[in-house]
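Work through the exercises below with the sequence and the 3D structure open. Try each task before reading its solution.

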Amino acid sequence: MINLTINGQLHELDVPDNMPLLWAIRDVVGMKGTKFGCGIAQCGACTVHLDGVATRSCITPVSAAQGEITTIEAMADDPVGSKVQQAWLDLGVAQCGYCQGGQIMNATALLKKTPEPETQEIIDAMAGNLCRCGTYNRILAAIERAADKEVSS
Amino acid sequence: MSQSDDTLLLANVSRRGLLKGLAGASALLLAARWDIGLANEQAQFGAGAMPGGWVDNPNVFIHIDANGLVTIVNNRAEMGQGIRTSLVMVAADELGADWDRVRAEQADGDQDKFGNQNTDGSRSMRHWYDPMRRAAAAARLMLEQAAANQWGVSVDQVRADIHKVVHPATGRELGFGQLAEAARELDVPGREGLVLKSDSELRFIGKESGLINGELKSTHPKAIDGEDIVTGKAIFGADVDLENTLYAVVARPPVYGATVKSVDDSEALKVRGVKKTVRIDGTGQPAAFNPLGGVAVVATNTWAAMEGRRALKIEWDNTPAGNNADYTSDTYRESLEKAAQSPGKVIRQSGDVEAALKEANKRVSATYYMPHMAQAPMEPPVAVVRVSGGKAEAWAPVQNPRATREGIAGLLEIDLENVTVHQTLLGGGFGRKSKPDFVIEAAQVAKAFEGQPIKLQWSREDDIQHAYFHAVSVDHLEAGLDGNGKATSWRHRTLSPSIASLFAPDPKHKAGFELGMGFNTMPFSIPAIRLENPPAPAHVRIGWFRSVYNLPHAWAIQSFAHEMAVAAGKDHRDYVLDLLGPGREVHNLTVGDGWNYGEDPEMYPIDVGRMRRVIERATEEAGWGKERAKGRGLGLAFHHSFVSYTAVVFDVEVDDGGQVTIHRADIAFDCGPQANPERIRSQMEGSCVMGIGIALQNEVTFQDGVAQQSNFDRYLLPRMPNAPKVVRVHLIDNPDDAMGGVGEPGLPPVAPALCNAIYAATGKRIRRLPVGDQLSA
């Protein structure tokens, strides 16, 4: 049995040790906000926080996910996360929206660690998150907005 | 109307079941007025000519409950273009609904009820703007009539305000919710009695809002799905959660057309959670929307299914694939380049090109290559299907629910009425999800699990290796210039496998709609023009990719026009404005295009004046003509597609190591009237980034019939550092022309504009995409 603490709630799962956290969250726990995009940590759609650190759940086996796991479903209750979400809404960032949960998770982790990042720091930190709709300029502007910096695009 | 036309009309109406239980002329009149329309039956062009046509019955699209909550049905696929917000906004504005009391409901796949639902070809707003406004205006009139009836006054004494109807003479008012029940009982008014709101009465349509070139104008009206997306609640294909679901992945033949020779699933069945394997028969070539065949592994979760698939031992039989098993990209490119040296099927001709080339003062010649690309939407194909008691129910992110139903019905040999398709949000489409093969594949697996939902998930490797690939292409151009550098002749040979090869024996030549995407519609004013299409066979599934054949045509033509300007020693902008000639309307038939994106050429001619205007606007905004620092340059390209006009200017810097930095993009866009400028801007911004990927990174190559890229580690897509530092979108204010498309026309000029900018910065000409490491070599 594997114990996972997701958004403050303990889940006892009967899954193999090597099952990626992504599939445990989606198929076994049944929370759908964390997305499958590539399975090899190249796109960031599956990003969750593990003890506050942005983590690619698609390559993290459940046996290594022993800490506080936070998903996009809990971001509205997080002061930084909710600010990021609001900036996303204000600037109309999302197109299809599929990658945006992972983008928000990554951006929130960045702002928690670095509340006032330089533009280049944001670009570097977000380089691992793909958006096929091409919303990068608005993502960048939204992160700067959430960080109380001037909006630019 | 002739007798045979009458018969056809009745047969069609009857087929749609609209006369069931009704009799006589009045029933026909009702059907004609509100459900399919005589216009639909007779239309040659536009929305009415699409399968299922248009519908503007308010009772189909608009529902108001007693509390005043307005539900507007969206019948088109939402894949990021924002149609759920934009189309609902159009109806809400005309209705007079308070945006905070409006919700969207997604229509199931039902073209008889909802009209055409094939979300493709940048058609949603241009085909549905008018019907949705009429539906909303009719609903508004019904609410007014209900209020007038209650107050015992005539309807012209009352007027609808925001979410209520008022009687100005007495100050009485009733909310939409209070009127809804009575309004629903009323006859739907005839179209002739509808009065649409004037522009000054509109609150949302055509109004700028949101983020405009770096400045936030307002945050209203908010996006329909915005909150669900940022909180993780939005439901995409894989998020459909039904009790008792089993999960499936499929091992497919690596070569198009190959089959399973033998399979040993003994190790797969030992994997914890694996329930069963299922053989899927492919249907051979051409594949159309049918599954490729292979072996499905079905398990209690996706991971177990993937682990089971890894443990399969499959021997493939390449014999049925024929020479697809020899398909290798380098060899193929060379064969097309060779074929491009000989004349091909003549598509369009004026003047004597060969003579003019001989007499030319200077000849310019170049060959351009664009590789296969995979659409790679962030959500890989996925579907949930349950087959039970001779019926099938599917939940899937599809662009074309009708084709999905037809495919499942055909596979299971059941009637269309017994197949239900629920449309989820699409995590990107870009043409991939216009092909419902993945849903039909899921139905084939579900058939083996009567009553149990099957969620069939494609991995990213599946998605890239088994895409319906964007056609690989070679375009060879030659032009003759006179002593002043002015073009006297233009010869263009275009070679690509055709999408038609997906549905019929390979024609090896481009179909009319493919040539009509910027090849024969090329609007330059040159005395001698000859356009040819030599043959190019298909060896993989070729399919629609956002903007489709406009991509190679714009890439080649716009790169070459720049090469001509360089050869002539002229400014690129001045040169192309001269090539285009004075503003005029070119009728599509005069250039051999009988397609015109399905639109009436009288309403939608190729308008050279509009083309000139976007070029002038983009170059002005970009500061064209100013001196640039060494290693920095501006590049221009423009294109007409999906009956809209786009010009792009990039400001690019290339360092000594070949690293490209995009300082700025200026995009001028003219789609005629703008329903939702906010989402038009976002489409242009997104097209810009996607086009940068086409220029710099995207490529799928084949070796012995097998795709050599399988995931984002080698199939490279643009990331935030690749995006322009600044993107400026300049929307042309043009409410008087007919409405054009938005989702696709922004993309074709992006790659050539970027490559032209790279030339301006470095003097290096890119003729083979992607740029990759060509600048550092």
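Predicted model: local features only at pLDDT ≥ 70, side-chain atom pairs only at ≥ 80, totals over all residues.

Residues are numbered from 1 along each chain as its sequence is written, and chains are lettered from A and ligands numbered from 1 in the order in which they are written.

**Exercise 1. Domains of chain A**

Task: State which domains chain A has and describe the contact of domain 1 with domain 2.

Solution. 
- Step 1. Domain bounds come from an automatic or database domain assignment. For chain A the assignment gives domain 1 (2–74) and domain 2 (75–146).
- Step 2. Taken over C-alpha atoms, the centres of these two domains of chain A are separated by 20 Å.
- Step 3. Residues count as in contact if their C-beta atoms, placed from the backbone, lie within 7 Å. Domain 1 of chain A puts 16 residues into the contact and domain 2 of chain A puts in 15 residues.
- Step 4. Helices (H or I, at least four residues) and strands (E, at least two) are DSSP runs, numbered from the N terminus. On the side of domain 1 of chain A that touches domain 2 of chain A, strand 3 (47–50) and strand 4 (53–56) of chain A are the elements giving two or more residues. Strand 3 of chain A gives the most, three residues.

**Exercise 2. Chain B against chain A**

Task: Find which elements of chain B give two or more residues to the side that touches chain A.

Solution. 
- Step 1. In the contact, 57 residues of chain B meet 54 residues of chain A.
- Step 2. The elements of chain B are helix 9 (226–231), helix 11 (302–310), helix 21 (677–696) and strand 30 (726–731). Helix 21 of chain B supplies the largest share, seven residues.
- Step 3. For the classes, Ala, Val, Leu, Ile, Met, Phe, Trp, Tyr, Cys and Pro count as nonpolar, Asp, Glu, Lys and Arg as charged, and the others, Gly among them, as polar. This side of chain B has 27 nonpolar, 17 polar and 13 charged residues.

**Exercise 3. A sheet in chain B**

Task: Give the strand order of the open sheet of seven strands in chain B, and say which strands stand at its edges.

Solution. 
- Step 1. Two strands pair if DSSP finds at least two bridges between them. The order in chain B is 11-12-9-19-16-17-18, with mixed pairing.
- Step 2. Strand 11 (274–280) and strand 18 (419–423) of chain B are the edges; each has a single partner strand, so one side of each has no neighbour in the sheet.
- Step 3. Within the sheet, strand 9 (residues 246–251) and strand 12 (residues 294–299) of chain B run antiparallel and are joined by five bridges. Ala251(B) has Val295(B) in strand 12 of chain B as its bridge partner.
- Step 4. Helix 14 (residues 401–412) of chain B lies across strand 16 (382–388), strand 17 (391–396) and strand 18 of chain B, at about 145° to strand 18. Axes are lines fitted to C-alpha atoms, for helices over the stretch in contact, and angles run from 0 to 180 degrees between N-to-C directions.

**Exercise 4. The core**

Task: Name the residues with the most contacts inside the largest nonpolar core.

Solution. 
- Step 1. A residue is buried if 20 or more other C-beta atoms lie within 10 Å of its own, exposed if 12 or fewer, and partly exposed in between, with C-beta atoms placed from the backbone. A nonpolar core is a set of buried Ala, Val, Leu, Ile, Met, Phe, Trp, Tyr and Cys residues joined through C-beta atoms within 7 Å.
- Step 2. The largest such core has 287 residues, and Ala91(B), Ala248(B) and Ala443(B) have the most contacts inside it. Helix 7 (residues 124–151) of chain B contributes the largest share, 13 residues.
- Step 3. Not counting residues up to four places away in sequence, Ala443(B) touches several residues, including Val385(B), Ala392(B) and Ile408(B).

**Exercise 5. Ile314(B)**

Task: Decide whether Ile314(B) is buried, partly exposed or exposed.

Solution. 
- Step 1. Ile314(B) belongs to strand 13 (residues 313–317) of chain B.
- Step 2. Ile314(B) has 18 other C-beta atoms within 10 Å, so Ile314(B) is partly exposed.
- Step 3. Leaving aside neighbours within four places in sequence, Ile314(B) is in contact with Ala251(B), Val260(B), Val263(B) and Val295(B).

**Exercise 6. A hairpin**

Task: Describe how strand 25 and strand 26 of chain B are joined.

Solution. 
- Step 1. Strand 25 (residues 632–641) of chain B has nine of its 10 residues buried.
- Step 2. Strand 25 and strand 26 (residues 644–654) of chain B run antiparallel, with 10 bridges. Ala637(B) is opposite Val648(B) in strand 26 of chain B.
- Step 3. The two strands of chain B form a hairpin with two residues between them, and Phe642(B) in the turn has a positive phi of about 50°.

Note on methods: Contact = placed C-beta atoms within 7 Å.
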